[in-house]
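Q: I'm new to this one. Can you walk me through it?

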Amino acid sequence: MDKKEYLKSVDLLNLWAKAYYKDDAPIATDEEYDELYHRVLEFERANPSEISMFSPTKRVGGEVSEGFIKADHIERMWSMEDIFDEAELVAWLNRGDKLGQKFAIQPKFDGASLNLLYENGELKRAITRGNGITGEDVTTNARVIQNIPMKITYGGKIEIRGEVVISKSDFDDINLARMQRGETQLANPRNAASGSLRQLDSKITASRRLQFRPWGYGAQNLGLKNYSEIMEFIYSLGFEREEFFKICLNLEEIKTAYSELLNLRENKPFMMDGMVVRVDNVAFSNELGYTEKFPKFMVAYKFPAIEKTTRLVDVALQVGRSGVVTPVGVLDEVNIDGVKVKSATLHNFDEIKRLGVMKGDFISIIRSGDVIPKITGVFKERRSGSETPIERPHNCPVCGTMLLDEGVFIKCQNLECKARVINSLIHYASKRCLNIDGLGEAIVNQLFEAGFINKIADIYRLGANELSSLEGFKDKKISNLLNAINIARTPNLHSFITGLGIEHIGEVAAKKIARQFGDKWLELSYEELMSIDGFGDAMAESYVEFMQVNRENLAELLYFVTPKFEKFEVKQSDISGKTFVITGTLSKGRDEFKAILEAHGAKVSGSVSKKTDFVLAGSEAGSKLDKARELGVRVISEEELMEML
Ligand SMILES: [Zn+2]
């Protein structure tokens, strides 16, 4: 980096920071910002005489915006130094004679920092971080956050600091509701938390299901020796306790804690962007003191970024088995947490319009767990003028037939469209359905092109003669595939129904039909289907229509296939007939608990209401637990459930 590039980078960082802090509308990802910031810092270390007075390294993050009353923190609210790898961790540990100290470890949640001032046992004031000295007074909004106590049993003056966060599931719920109302999507849980906290109308804040997770303190006079003791005291006042709170004695233990926490990343209900490491001893921390920007006694050991910036190169159109045309973003390949990502879903053309995205745009994408990468933002400020609009298609990209434009969905109605046929065959043979090993996408295409399969029943007509004429098919491969097809002559009924690919009838619905009606499955009426728990109009209609339209095809298929009916025996127990809601982090997946409950005759519902009998709550349960308490619904733990069975 030369001087010119350095000054340009400083301007760019300031622009990005303004968009992030002031406008809550980021135009760069954290990862990009961090990377450029690091390069600026390197230049400054090598050229201390050239440092610009506008450099972001000289400024504490965050500015105060108009609209709220400004208020000062009693003790400065520092931000933290970020470190990104083990070498930086070792360097930090070696600085200032920290060896031999105890280190307190906890997650760094990705939200908005908030400082709560309590006096005479009451919440006096809540201030955002702002520039660390002055923030915005958001007391009215803090009062609507359910797990911020209005009163505490301690009468002294104390500043309690923490992160305001939105759980990932609440965030998805909010965005789904916004999508249904035709509103723009919130970019990510952090921006949603920060934006919600700074609403001028606290009714909006209340609707966003914010939660407060304490991580520290400012002014206090408790006379306790260690940070961990102070946090223990804060938890005892009624604040949410952090389960992942450890004391580490050395580098090895810190490294172990880091990988443990990183493994929990997907399962934690809140987004985390790293782990905080801090010296536990308060007196020694004070001795270490501060740089002009950061405390020297604590550091944020960041996780690999899951949100990155890339470019939308093109939009590909995929035609699914139901004929729906889905736009898929083709991206400049980008590596996210070890996975190469080169496409992201754009959902539908309404979503493209809402995002306002064009071909050639810089965008941010997020990849979390095994979900399909999602576009979280469009950086319109970075346009060069060469971007081109994304047009709604009028003809099927595969068969050329005129498309039916239904608004949100655009469909190819040609039942013989190659894309529809091939995708329905792939679906039928897939793991979730008939699980025909060896009949994946490539082979289905090969068989279709050779003219051997045009519909599902054709799969069962395949023989060694046909297969041996295909390229790459040797004896072993042929007999393996024919064996797999043979096994698929007697599938479970629910797998078979799922495999038919009836619109709106997924695996869960197919299971319900199979369990409730067994051998009557072909002849179900609309009313019978509507009597199934969780079935709606669209599902019942779609099923009935499918059975009518495909009567002949099904008869042909059932000549080859004999589904096994699943008798569903329910063990009688104390919980038979009761309704459960599952929430929080449990020792096993929610699906497993759902299966246990259903096997004992209980029903599992997604939301808490007066009809709920029990809420099964794991750790870090959120809004559902609050709701249960509000309605007086009995809350039980895993252990209590096991005793009831
Ligand atoms: Zn088509």
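Q: Leaving aside neighbours within four places in sequence, what is I513 in contact with?
A: I513 is in contact with I497, I505, G518, W521, L524, L529, I532, F535 and Y543. Contact means heavy atoms within 4.5 Å. This is a predicted model: local features need pLDDT of at least 70, side-chain atom pairs count only at pLDDT 80 or more, and totals for chains, interfaces and linings use all residues. Residues are numbered from 1 along each chain as its sequence is written, and side-chain values use heavy atoms, without hydrogens and water.

Q: How many residues does the largest nonpolar core have?
A: The largest nonpolar core has 53 residues. I513, W521 and Y543 are among those with the most contacts inside it. Such a core is a set of buried Ala, Val, Leu, Ile, Met, Phe, Trp, Tyr and Cys residues joined through side-chain atoms within 4.5 Å. Buried means under 20% relative accessible area, with a 1.4 Å probe and protein chains only.

Q: Which helix gives the most to this core?
A: α12 does, with six residues. Helices are DSSP runs (H or I, at least four residues), and strands are too (E, at least two), numbered from the N terminus.

Q: What about another core?
A: Apart from the largest one lies a core of 36 residues, among them V138, I174, F212 and L222.

Q: New topic. Where does Y301 lie?
A: Y301 lies in strand β11, residues 298-302.

Q: Why does Y301 count as buried?
A: Because its relative accessibility is 6%.

Q: What does the side chain of Y301 reach?
A: The side chain of Y301 reaches the backbone nitrogen of E86 at 3.5 Å.

Note on methods:
Buried means under 20% relative accessible area, exposed over 50%, partly exposed in between (1.4 Å probe, protein chains only). A polar contact is a pair of N or O atoms within 3.5 Å; within protein, one must be able to donate a hydrogen and the other to accept it, and residues adjacent in sequence count only if both atoms are side-chain atoms.
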